[in-house]
Amino acid sequence: MYRSTIQSISKKALAYSLAFTLAAFPVVNATQALAAPAASSALSSLAAEAHAPVQYRIDARLDENNMRIKGSETVTYRNTSNDTLRKIVFHTFADANRSKATQTSMFERNNEEIQKENPQKKPEDFLGGIDIRSAAADGQSLVFSNSNQALTVELKQELKPGEAVTVEIGFEVKIPYGMQRLSYYKDIINGAHWFPVMSVYDENKHEWDRTKYSKAFESDYYVSSDFEVHFNVPEAYQMLMPGNITTQADPKEPGRKIVTARADNTREFVFFASPNYKVESVTRDGLTVEYYYSDNMPGKKKLVDGYIDTAFEAISFFSEKYGKYPYSEFRIAESYVEGVAVEFARVIQMGQIQLNSDPAHDYVFVHEIAHQWFHALIGNSSETESFLDEGFADFSKVYFAEKQGDDLNGFKSIQIDDVSWIDKPIASTNTEVGDMESPTFYNKGRQAIYQLYRMVGEDKFDSFMQEYFKRYEYKNATTQGLLQTIQDTLGDEARKEMDTMLHDFDFALKPEYQLSKEEAAAYWHEQFKNTYHSSLIQVPNLPSETMSRIVDKALQGEPLTIVLSDQAVGKEKEQQQKILSKLEGTLGIMDIPYEVISDRQTLKNKLKKELGTSNIIAIGNYKTNGLIQALKPGIIQKSKAIGLDWKSKVNLKASKGAYVVKHPYNQNRLLLHFFWNDEALSSNAVESFAEQMLRGISFSSDFYQYYILDQAGSIATDKKITNPMAKLFAED
């Protein structure tokens, strides 16, 4: 899973820049035309022959008008433990939607925005849950209870090791409005956690996993199972599910159809549905990749085709490096979720494709594909050992980029990352890391794997990964299992090193595997150069006069000069230096060369020639800044293009803020002026002035043309263009 499409940029950079119809107890009537149940004896026979220890037969009907699912499932569970069981337990994660207090917080901001756009929606519309209507075995009712997202079913007979039991469950689900894993918004339904799913039994602890779904992160932990799902939906709906999909018209209800999916050895079963999905499908060498998307902009099919190409490339790469992708299909679901991409077995969920999307370099997309190996095929408890899926998936996307020849998103992105400030061991639980799951599991995790890669070399590393895949395909891995595989394939010393890396609070990449100071400077320059460019092209026809462009132009190699108020004295001069220092820190991180002019004579000598070809950042009172005084008539004229009445906004005694105009001497250059017209800023306004200055030139904020600050240093009036990326960087 990726919580944001901009996580490829490190925290340090950001700081500076600014997821069977019941025969005995039917829950639907005959007119709903659900397929007839398979006999229990047939399922018992299936249990003996099938690969997976759990088989599901699910019949469901979507009530699209009320956004509910009425369903029944027949589950055959084989006891693979050495314990005799008297009850079985299912996760009912749909109940995480019973209240806002238990819903996953990562979608909270999206839901708040949706509520503003849809004021008619009530808070309860964003809630849902699952009601268990019945539980039975061999036609006899079973005692059950559903609480705290766990359904416990009491068995009438003991289930001994090696024996199987078939249980029939009737349920009804309310789908919440919004952006949850189980939700509907506009014309798309996201269908994760929509039915009771078998919990994992831990025979070492002699207990079932009853973990509630994490509010902050993920709690996915399942047994690979065999699924046969029959879904009754409106005829116009496109249904995306894992496995082999077939469709037949409902013979009893015109206008509806039954979509059937069969998926063996599958970690989890999700669906996505929309009456407006368009499907692009490509088959190569026995593998079919399908992209379900909204055809809502010109040129989208070309982008979809690009993503499908990348999917084939990534699946081929990971198949070669780790182990063959065993399924005949892979599907991608486009949804309205923003800032979060989510992995499922044989399916991934992405946000809306944008005009400036770059399929060949969308490594969030590749990260989610890597989860097919580290989550779907090699399972683990993402509540207690998230590193095993997120760390390996994030390393894998970088490994892929490296072998694609992508210098910025390859191994250098791991070598540059400073995680020394994170005091959480990689082998932590979700509870232990709190809100630090991303830097701990992703960033530190991939560094530990990279260090192992460098220690042993690529050939030995690949051999180890292939053995790891062979041992845990369709099974659940553990950290101890990983370490044992390392020991068996790479030796005792490698195991010891990895064990230390995973449990060390202060783990950091060894110096010999980090970038040199010069390499780091060059890396950040190129990273910011690409990032600014990507951000600026998010807005079609973005005006030339935006503050962020001056940094973009400097990153592209155009000259940059900072001109200070040469007549500033006392406190004004002192504050000017503090603000300059903040600006220089940011330019330094981006490795941008610049010249500072602070005296009148140098300014006079360079005004016509050098400064005529340079982008300029002027700082200070316009009355004491020689450059602004010299170019004042041209600046006043140019400011009209951004709708700034210079005389009424800037030419005031207590005014302070910033504006950007085209250079009066050069239409291809910009002049950005950060000004205050008092002799000095108030003591509590210096910091806020500097913070807004950095925000104004950032790629992660809105694109400012001008802003005027009030006495407290907050923006009183401004003109800006919305940056679609800005909300991804907003503080929680």
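Analyst: Two strands pair if DSSP finds at least two bridges between them; strands (E, at least two residues) and helices (H or I, at least four) are DSSP runs, numbered from the N terminus. This is a predicted model, in which local features need pLDDT of at least 70 and side-chain atom pairs pLDDT 80 or more, while totals for chains, interfaces and linings use all residues. Residues are numbered from 1 along each chain as its sequence is written, and side-chain values use heavy atoms, without hydrogens and water.

User: Which residue in S18 stands opposite Gly-191?

Analyst: Strand S10 (residues 188-191) runs antiparallel to S18 and is joined to it by 3 bridges. Within S18, the residue opposite Gly-191 is Phe-271.

User: Are Phe-272 and Ser-274 of strand S18 buried or exposed?

Analyst: Buried means under 20% relative accessible area, exposed over 50%, and partly exposed in between (1.4 Å probe, protein chains only). Phe-271 and Ala-273 cover one side of S18, and Phe-272 and Ser-274 lie on the other; each of these is buried.

User: How many residues apart in sequence are the parts tied together by Glu-218 and Arg-181?

Analyst: A salt bridge places a side-chain nitrogen of Lys or Arg within 4 Å of a carboxyl oxygen of Asp or Glu. Glu-218 and Arg-181 form one, with the closest N and O atoms 3.7 Å apart. Because Glu-218 lies in the loop between strands S13 and S14 and Arg-181 in the loop between S8 and S9, the separation is 37 residues.

User: Which helix holds both Glu-467 and Lys-470?

Analyst: Their side chains meet in a salt bridge (4.0 Å, N to O). Glu-467 and Lys-470 are 3 residues apart, about one turn, in helix H10.
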